[in-house]
Amino acid sequence: MSAPTNGPRQYRTAARRVRGLGAARTGTSHFIVQRVTSVALLVLSCAFIVIVVALTGRNHATVVQVLGSPLVAILMLLFIGASIYHMWIGMQEIIIDYVHDDAPKFTALLANTFFCVLTAVACTFAILKLSFGV
Amino acid sequence: MAETSTPRLKPRPLSPHLQIYRMTLTMAMSIVHRITGAALYFGILLVTWWLLAAASGPTAYAIFESFIGSLMGRLILFGYTWTLIHHGLGGLRHLIWDTGRGFEEKERELLTLATLIGSIGLTILLWGAGFMAIGGSR
């Protein structure tokens, strides 16, 4: 969108801006989700760090066994899910802060979504494969 | 707020842009919070590689291990550790601010400094403990 020109016609109240749902068309729900995921990630990141430290330098068979065990797999799935949701919103925030023209903005937002969905599916698939074998 | 019938003749003031402000610790840490967030965004690729390599088999995992075990890999992992911890502590600070607390000058400076010292301290502690536990025996 072009930058709003200053003047009486362009004056919008806070409520109007919220109803307009912001530059990414999604309103305040992301603000809340970003905080919910951040609280989850405070705990899940600690779990992630412990898992990584515990598996550093271990051989492949051990890594497979540990990552595929129920508790670790569930924690990893939650960490991946919360992280990537949080990342998706965060990067969207960055994009709409710095990219104002429609074409590059929506291209960047689309790329952000694709990147997040791709990494989320890849990580989830890997963890499930480690858990269920094949 | 209702629209007033009289048109507003004076243009509303716009926020001044970044460069007119003196750099402060809270401002620097706010910028760092965003940069670490962006870094972690791309850092997920490393996690994805790790998980996919583990799921793919010993050969793929050996390639990942040789990368992460190299000096470059270790440096990236060290940076990743600090970035994650710093962004996490920064997030915690923001959650405290979300409750409306900690906005006094002393408090916000203290919170911000605690984030920085905490993240550096915890990273060194974690890697120190890691090296002690592993002891290079594996």
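Predicted model: local features only at pLDDT ≥ 70, side-chain atom pairs only at ≥ 80, totals over all residues.
1. What is the mean pLDDT of chain B, and what percentage of its residues reach 70 or more? Chain B averages a pLDDT of 88, and 90% of its residues get to 70 or more. For the model itself, the scores are ipTM 0.83 and pTM 0.82.

2. Now look at where the two chains meet. On chain B, 29 residues are in contact with 32 residues of chain A. Four elements of chain B each give two or more residues to that side: helix 1 (25–56), helix 2 (58–69), helix 3 (71–98) and helix 4 (105–134). Helix 1 of chain B gives the most, with twelve residues.

3. What kinds of residues does chain B bring to the side that touches chain A? By class, there are 19 nonpolar, five polar and five charged ones.

4. Next, the largest nonpolar core, which has 33 residues. The members that touch the most others are A:Leu67, A:Ala126, A:Ile127, A:Leu130, B:Leu51 and B:Ala54. Helix 4 of chain A has the largest share, at ten residues. As background, nonpolar side chains tend to be buried together in soluble globular proteins.

5. Finally, zoom in on A:Ala126. Setting aside neighbours within four places in sequence, A:Ala126 is in contact with B:Leu51, B:Leu52, B:Ala54 and B:Ala55. Two of these partners, B:Leu51 and B:Ala54, turned up in point 4 among the core members that touch the most others.

Key
Residues numbered from 1 in each chain as written. Chains lettered and ligands numbered in written order. Contact = placed C-beta atoms within 7 Å. Nonpolar A, V, L, I, M, F, W, Y, C, P; charged D, E, K, R; others polar. pLDDT = per-residue confidence, 0-100. Core = buried A, V, L, I, M, F, W, Y, C linked by C-beta atoms within 7 Å. Buried ≥ 20, exposed ≤ 12 C-beta atoms within 10 Å, placed from the backbone.
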